[in-house]
Amino acid sequence: MSVTSLLGEIADTGRDPVRGGYTRPVFSAAETDLREWFRAAAHARDLDVETDRNGVIWAWWGAPHDGALVTGSHLDSVPGGGAFDGPLGVASALAAIDHLRDRGLQPARSIAAVVFPEEEGSRFGVACLGSRLMTGALDPDRARALVDADGRTFAEVARDHGIDPAHIGADPAAVARIGQFVELHVEQGRGLGHCGPPVAVGDAVLGHGRWRFLLTGQGNHAGTTLMDDRRDPMIVAAKVVLAVRQLAASVPHARATVGRILPVPGGTNVIASRVEVWLDVRHPDDLVTADLVARIASAAETAAAEEGCESMLIEESLSPTVHLNPGLRAQMALALPGGRVLDTGAGHDAAVLSAVVPSGMLFTRNAEGISHSPEEHVEDSDAEAGARALADVLEALL
Ligand code: GLV
Ligand code: MN
Ligand code: MN
């Protein structure tokens, strides 16, 4: 089946009428429907489906065994995200299995298509939650206690979805099943442009982290509180946003973003008592990231002091820069002659897995490079070329 047809089957799932695009947070109704769609698509292919204790779905072509060839991605999205970030890799995994069967291939070792939960960290704040739990990179106690915007813990939500929170965490048996992991993903920059081969092999995944500022002041009345009497954390938040841009702009290769702010209680005629400001910082050198975050924190403290407020910084997740496995990358490049090799500024489960198993990535052209936006776009012909390239790589690795 073509990638386009597979994605067509889920084109109406999780559409966001307000933001545009798709909002598919992990274990929401939309993402649950997508997980069911994946299970049904796998069953239709006679793949054996299992969900492991961290909520990772595995669809096996052949009996599960250690050292299998594993491919896949995620189905959850950012708020108002595009159609391809995650689902392209999942649909391409299924389509690649179809290609290999059409080619009459009898795999010498089993192949599994997988879906990782909460890659975006949009609901519980920690990116790549499923792969971090599986590899032991995230303490299960911390994961169980993570809360979503409605105050529900990951433990509660996971239990509602058939995952026993007592058993989440490092899963060496699941990791041992992965001989090599290959994740196909939509390209999220302009690295592939409009011409040349539509698929690239991945190299470096930029180090990235997330932090949350808790800015506290004095909640008060917008009409009766004189300007000189205010301790307004919104003013601090505004200065923090500008400091993030100014400080990051002076560091070559740095990217720093404030994409989310929550004033509490959040009323037009209310001076906020508290503002939460989320910060995303990325740089190839993890020490530079740490230094930039420290300087942003210091700017926030200065801004808070000027306003009679307080600033606290909480780290939510941190991933170092990763160079995907060079041997695997060379094998993948050999299977795709003429293809380019690209770094990415986005985070991926493949980068987390890369700490414990040989992992590689393929990027499918998204010529304008827009992502985490409803305008994310992949041409149908490029999506199909991506799945064929994934099949070529899997065949070569077998
Ligand atoms: C995930 O897409 C990220 O890079 O934030
Ligand atoms: Mn993403
Ligand atoms: Mn993604």
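Predicted model: local features only at pLDDT ≥ 70, side-chain atom pairs only at ≥ 80, totals over all residues.
**Exercise 1.** Work out how helices α8 and α9 are arranged relative to each other, and what kinds of residues make up their contact.

*Solution.* 
- Step 1: Find the helices. α8 covers residues 233-249, and α9 covers residues 286-306.
- Step 2: Get the two numbers you need. Two packed helices are described by the angle between their axes and the distance between the axes. Here the axes come within 9 Å and cross at roughly 150 degrees.
- Step 3: Anything over 145 degrees counts as roughly antiparallel, so that's the label for α8 and α9. Their crossing is right-handed.
- Step 4: See who touches whom. On the α8 side you'll find Val236, Lys239, Val240, Ala243, Val244, Leu247 and Ala248, and they meet α9 residues including Leu292, Arg295, Ile296 and Glu306.
- Step 5: Sort the contact residues of both helices. You get 12 nonpolar, three charged and no polar ones.

**Exercise 2.** Describe how domain 1 and domain 2 meet, and pick out the three residues of domain 1 that supply 50% of the area it buries there.

*Solution.* 
- Step 1: The domain assignment gives domain 1 as 3-206 + 321-397, and domain 2 as 207-319.
- Step 2: Check the spacing. Their centres, taken over C-alpha atoms, are 32 Å apart.
- Step 3: Look at the contact. 13 residues of domain 1 touch 14 residues of domain 2. Between them the domains bury about 1100 Å², with 38% of that on carbon and sulfur atoms.
- Step 4: Name the three. They're Arg132, Leu206 and Thr321, and no other three residues of domain 1 supply more of its buried area.

Technical notes
Residues numbered from 1 in each chain as written. Chains lettered and ligands numbered in written order. Heavy atoms only, no water. Axes fitted to C-alpha atoms, helices over the stretch in contact; angles between N-to-C directions. Helix = DSSP H or I, 4+ residues; strand = E, 2+ residues; numbered from the N terminus. Parallel < 35°, antiparallel > 145°, perpendicular 65-115°, else oblique. Left-handed = near helix turned anticlockwise from the far one by under 90°. Contact = heavy atoms within 4.5 Å. Nonpolar A, V, L, I, M, F, W, Y, C, P; charged D, E, K, R; others polar. Domains from an automatic or database assignment. Buried area = accessible area lost by both parts, 1.4 Å probe.
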